[in-house]
Amino acid sequence: MDEVTGAQLIAEALKSQNVEYMFGIVGVPIIEVAMAAQAAGIKYVGMRNEQAACYAASAIGYLTGWPAVCLVVSGPGLIHALGGMANANTNCWPVIVIGGSSDRNQETTGAFQEFPQVEACRLYSKFSARPSSLEMIPAVVEKAVRSSIYGRPGACYIDIAGDMVNAKTDRTSVRFVSCCPAPPVSQADSREITQAVRLLKAAQRPLIIVGKGAAYARAEKEIRELVEVTGIPFLPTPMGKGVLPDDHSNCVAAARSRALLQADVVVLLGARLNWILHFGFPPRFSPHVKIIQVDLCAEELSNNVRAASALLGGIRAVVSQLLDTVRSESWRFPSDSQWWATLKDKMTANAQISKTLALQSTLPMNYYTAFHHISELLPKDCIIVSEGANTMDIGRTMLLNYLPRHRLDAGTFGTMGVGPGFAIAAAVLEQTQKCAQRVVCVEGDSAFGFSGMEVETMCRYKLPIIIIVINNNGIYSGVDPETWKEMEKMGDMTTIAPPVTLLPEARYEQVMTAFRGRGYLVRTVEELRSALQESLKNTEMPSLINVLIDPASDRKQQVSVVRPAPEGFRSS
Ligand code: ADP
Ligand code: MG
């Protein structure tokens, strides 16, 4: 008899589905699963919270197009991972969550950490199942991997009864399944393509919007050709940034509002008309805008705005179809059009405002000054992870991306706490693929708090991530240390401290030094530049640069106005 355990079957099944990475936190009953995975050649990264583990696994799915695993224990472990599953599913990123659960003969008995896990995961996933026997494990694993990447990508859950982990069976009784093929490609209806090109040719003010679906689809070559052959301006969504470089001459990100408002025909490539794109509704879009929508999810087509042309299919295939037709008709949008003139005027004006703010030399620094100097020093090929409110919004406009899939942020779900997990995933990929691209994680001070303990994970694996905490002492805004002291004197802080405030000048860099990474506290431009330069040179260990900025610093319009501290707490 050739016996095999449940843990081995899970590990071997994952391996035969080409799964290469597993992130998790072990405990009873899944320790042996992680060990078997390592024995099968899967890289295992032990994290500090299941949420961050799931963020990390899902980032691998986005960056590589193939899912990684998040391995968690039963009950609370699985429930912590739900945040990561929801984030992945909402972002349309593949991930496989494997949860240990209570034994088969203990169901409904009030067993240790017992929870209806398969049911709990249904809302957060495309597929949620518990193999009923050891023999079924490989088939369920294949189905989960396939479901995560076929159609619209998303999260899948596999529940493993605790007693199955060490149970044994004979190999000959197991139903083994070979690796699922890459997702099949579909093209749009050719009549729809003709209609789309007709619409484009009639447009006075056309615009291409590039979303993270295009980044996931690896459609950079086709989209670059479409942009360059047609001469149409394009606008990336936050994670669509880098599919074409932000400094491409057709990029009109610096005139985003104007471009959205005045476009008469929009080619939507892998982006949903959700809140990120203001639903496609007035007053942010013209009420007459015609949408040429490309998506592989049929249910997505015509959401919020009825598509003038609905192109159902894979982005690469459909953009190639559009290109064939455009080329055969030798059509090009004129570069001397009024549309281009309008957009260029607006871009010049907007760039001037940011530049004025960036060059302010008052201390503490504002966001624009900090980002200006950071962007000057970052290598063009670095992977930028970003989260926070103003930190993410302002950072998005000032930190440029030049390569596809080099920006990871709070995404469709607006999830705070994703940064460290995403950064770990990106850095593990770089390390194992022997690439030297740096991962820079730009965090608001509030955002950093959610998963801050993952700094230990970074140090343990010697991942040379650079975390930059843009510290304004709070959520959206905070107060300065003097104002804080005044408030403390006035009595019970639970009734006084504005809910948005966090401890002023908190020493986040010491979280990094606690685990033998490098930490820097910076207040001035010179300190910021030298800390970042030193961190970039250090390829052995992670660094954390704690940048104390003006707690009243805000976005463009308000930045020159000094915002007063809350009424009654103004320090002299
Ligand atoms: P963004 O956040 O950039 O606006 P979204 O996540 O809202 O992007 O939208 C991505 C869209 O891309 C989803 O509707 C998804 O179905 C679609 N998509 C993902 N992969 C592909 C692909 N290969 N081909 C076509 N559409 C895709
Ligand atoms: Mg903050």
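Predicted model: local features only at pLDDT ≥ 70, side-chain atom pairs only at ≥ 80, totals over all residues.
Local features need pLDDT of at least 70, side-chain atom pairs count only at pLDDT 80 or more, and totals for chains, interfaces and linings use all residues. Residues are numbered from 1 along each chain as its sequence is written, chains are lettered from A and ligands numbered from 1 in the order in which they are written, and side-chain values use heavy atoms, with hydrogens and water left out.

**Ligand 1**

- Around ligand 1 there are 20 residues, of which R152, K212, T237, R272 and D295 come nearest (a residue counts if one of its heavy atoms lies within 4 Å).
- T237 places a polar side-chain atom 2.5 Å from an oxygen atom of the ligand, and R272 places one 2.8 Å from an oxygen atom of the ligand (polar contacts are pairs of N or O atoms within 3.5 Å).
- I315 uses its backbone: an N or O atom there lies 2.9 Å from a nitrogen atom of ligand 1.
- The protein buries 95% of the 590 Å² that ligand 1 exposes when taken alone (Shrake-Rupley method, 1.4 Å probe).

**Helices α3 and α4**

- Helix α3 (residues 50-64) packs with helix α4 (residues 76-91) at about 35 degrees, their axes 7 Å apart (helices are DSSP runs of H or I with at least four residues, strands runs of E with at least two; axes are lines fitted to C-alpha atoms over the stretch in contact, with angles from 0 to 180 degrees between N-to-C directions).
- This crossing is right-handed (the near helix is turned clockwise from the far one by less than a right angle).
- On the α3 side the contact holds E50, Q51, C54, Y55 and S58, and α4 contributes residues including H80, M85 and N87 (contact means heavy atoms within 4.5 Å).
- The residues in contact comprise 5 nonpolar, 7 polar and 1 charged (Ala, Val, Leu, Ile, Met, Phe, Trp, Tyr, Cys and Pro are nonpolar; Asp, Glu, Lys and Arg are charged; the others, Gly among them, are polar).

**Helices α14 and α22**

- The axes of α14 (residues 367-377) and α22 (residues 525-537) come within 10 Å and cross at roughly 30 degrees, in a right-handed sense.
- Among the residues in contact are H373, I374 and L377 of α14 and L528, R529 and L532 of α22.
- By class, this contact has 7 nonpolar, 3 polar and 2 charged residues.

**Backbone features**

- The V28 to P29 peptide bond is cis, with omega near 5 degrees; P29 sits in the loop between β2 (21-24) and α2 (31-39).
- The P282 to P283 bond is cis, with omega near 5 degrees, and P283 lies in the loop between β11 (265-269) and β12 (290-295).
- F279, in the loop between β11 and β12, has a positive phi, near 65 degrees, in a residue other than glycine.

Key. Polar contact = N/O pair within 3.5 Å; in protein donor to acceptor, adjacent residues only side chain to side chain.
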